[in-house]
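Trainee: I would like to go through this model with you, one question at a time.

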Amino acid sequence: MQWSSTVSNLNNLLLNIETSGIVANDPDSAFARWVELGAEVQKNDSTIYLIGNGASASMASHFAADLSKNAMVRTRVFTDLSELTAIGNDISFDQIFAVPLQRYARPGDMLVAISSSGNSPNVIAAAKVARRSRVSLITLTGFKADNKLSGLGDINFYVPSNTYGETETCHAGILHHWMDKMENLNGR
């Protein structure tokens, strides 16, 4: 595929992301509500948790750092190797995000759950903890529109792509757009 075709395809995917949850399929309304929720987290000195596997874990870490530094929001990712491997070994890999989230999350916090397939058992388990804990849940998924994660969020962003590269690139674009809006809350 030519570079121009790749760029054109990514543009088309980003223009056709689907949103659901407390907003209809209107990305601008979804971003506006996401920023409002983020502003509430910031104002109340609550925490935004970000989770994902593989490249999505890298994105979670990247945006946790950006939110903390640029938007002055308390963030947390579950990347401690000892904690992850202890939970994975002693309890279950499916619980590596859910167990710490159960211990730390409080009503008014936010969970941003990133999963290309939307079917990662460990991300879904954490999303269910968020629901029970009255934590705002934002999901970013791809592959199939009826994935398990996209039905759980307060706001769900779905990228209509079946490839990791396209889905992950679009997720990064979605997160950067939100991050830029969050940064503007501080007059930057």
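Mentor: Happy to; let me start with a term: a residue is buried under 20% relative accessible area, exposed over 50% and partly exposed in between, with a 1.4 Å probe and protein chains only. Keep in mind that the model is predicted: local features need pLDDT of at least 70, side-chain atom pairs count only at pLDDT 80 or more, and totals for chains, interfaces and linings use all residues. Residues are numbered from 1 along each chain as its sequence is written, and side-chain values use heavy atoms, with hydrogens and water left out.

Trainee: What span does helix 2 reach from its first C-alpha to its last?

Mentor: Helices (H or I, at least four residues) and strands (E, at least two) are DSSP runs, numbered from the N terminus. Helix 2 takes in residues 27-43, 17 residues in all. The expected span is 1.5 Å times one less than the number of residues. For helix 2 the actual reach is close to that expectation, at 24 Å.

Trainee: How wide an arc do the buried residues cover around the axis of helix 2?

Mentor: The buried residues here are Ala30, Phe31, Trp34, Val35, Leu37, Gly38 and Val41. The arc is taken from the directions between the helix axis and the C-beta atoms. These residues lie on the same side of helix 2, because their arc is only 165 degrees.

Trainee: Which exposed residues does the face of helix 2 turned away from its buried side carry?

Mentor: Start with the covered side: contact means heavy atoms within 4.5 Å, and what covers the buried residues of helix 2 includes strand 1 (18-21), strand 5 (136-141) and helix 7 (164-184). The face turned away from that buried side carries two exposed residues, Asp28 and Lys43.

Trainee: Which residues are linked in a network of salt bridges?

Mentor: A salt bridge is a side-chain nitrogen of Lys or Arg within 4 Å of a carboxyl oxygen of Asp or Glu, and the count by this rule comes to four. In one of them, the side chains of glutamate 40 and arginine 33 meet at 3.8 Å, N to O. Glutamate 40 is partly exposed at 41%, and arginine 33 is partly exposed as well, at 25%. The network is made up of Arg33, Glu36 and Glu40.

Trainee: How many residues apart are arginine 74 and aspartate 45?

Mentor: Aspartate 45 follows helix 2 and has a positive phi, near 55 degrees. Its salt bridge is with arginine 74, the closest N and O atoms being 2.5 Å apart. Arginine 74 belongs to strand 3 (residues 74-76) and aspartate 45 to the loop between helix 2 and strand 2, so the pair links distant parts of the chain, 29 residues apart.

Trainee: Is aspartate 154 buried or exposed?

Mentor: Aspartate 154 forms a salt bridge with arginine 131, with the closest N and O atoms 3.1 Å apart. Aspartate 154 is in the loop between strand 5 and strand 6, and arginine 131 in helix 6 (residues 121-132), 23 residues apart. Arginine 131 counts as partly exposed at 32%. At 17% relative accessibility, aspartate 154 counts as buried.

Trainee: Which residues does serine 46 touch, not counting residues up to four places away in sequence?

Mentor: Serine 46 lies in the loop between helix 2 and strand 2. At 11% relative accessibility, serine 46 counts as buried. Leaving out residues up to four places away in sequence, serine 46 touches Val41, Arg74, Gly108 and Asp109.

Trainee: How are the rings of phenylalanine 31 and tryptophan 34 arranged?

Mentor: Rings of Phe, Tyr and Trp (its six-membered ring) pair if their centres lie within 6.5 Å; planes under 30 degrees apart count as stacked, over 60 as edge-to-face and the rest as tilted. The whole structure holds six aromatic pairs. With centres 6.1 Å apart and planes at 25 degrees, the rings of phenylalanine 31 and tryptophan 34 are stacked.

Trainee: Which residues form one aromatic cluster?

Mentor: Phenylalanine 31 and tryptophan 34 are three residues apart in helix 2, about one turn of the helix. Phenylalanine 31 is buried at 7%, and tryptophan 34 is buried at 0%. The cluster consists of Phe31, Trp34, Phe157 and Trp178.

Trainee: At what distance from the ring centre of tyrosine 104 does arginine 76 lie?

Mentor: A charge sits over a ring if NZ of Lys or CZ of Arg is within 6 Å of the ring centre and within 35 degrees of the ring normal. Arginine 76 lies over the face of tyrosine 104, and its distance from the ring centre is 4.1 Å.
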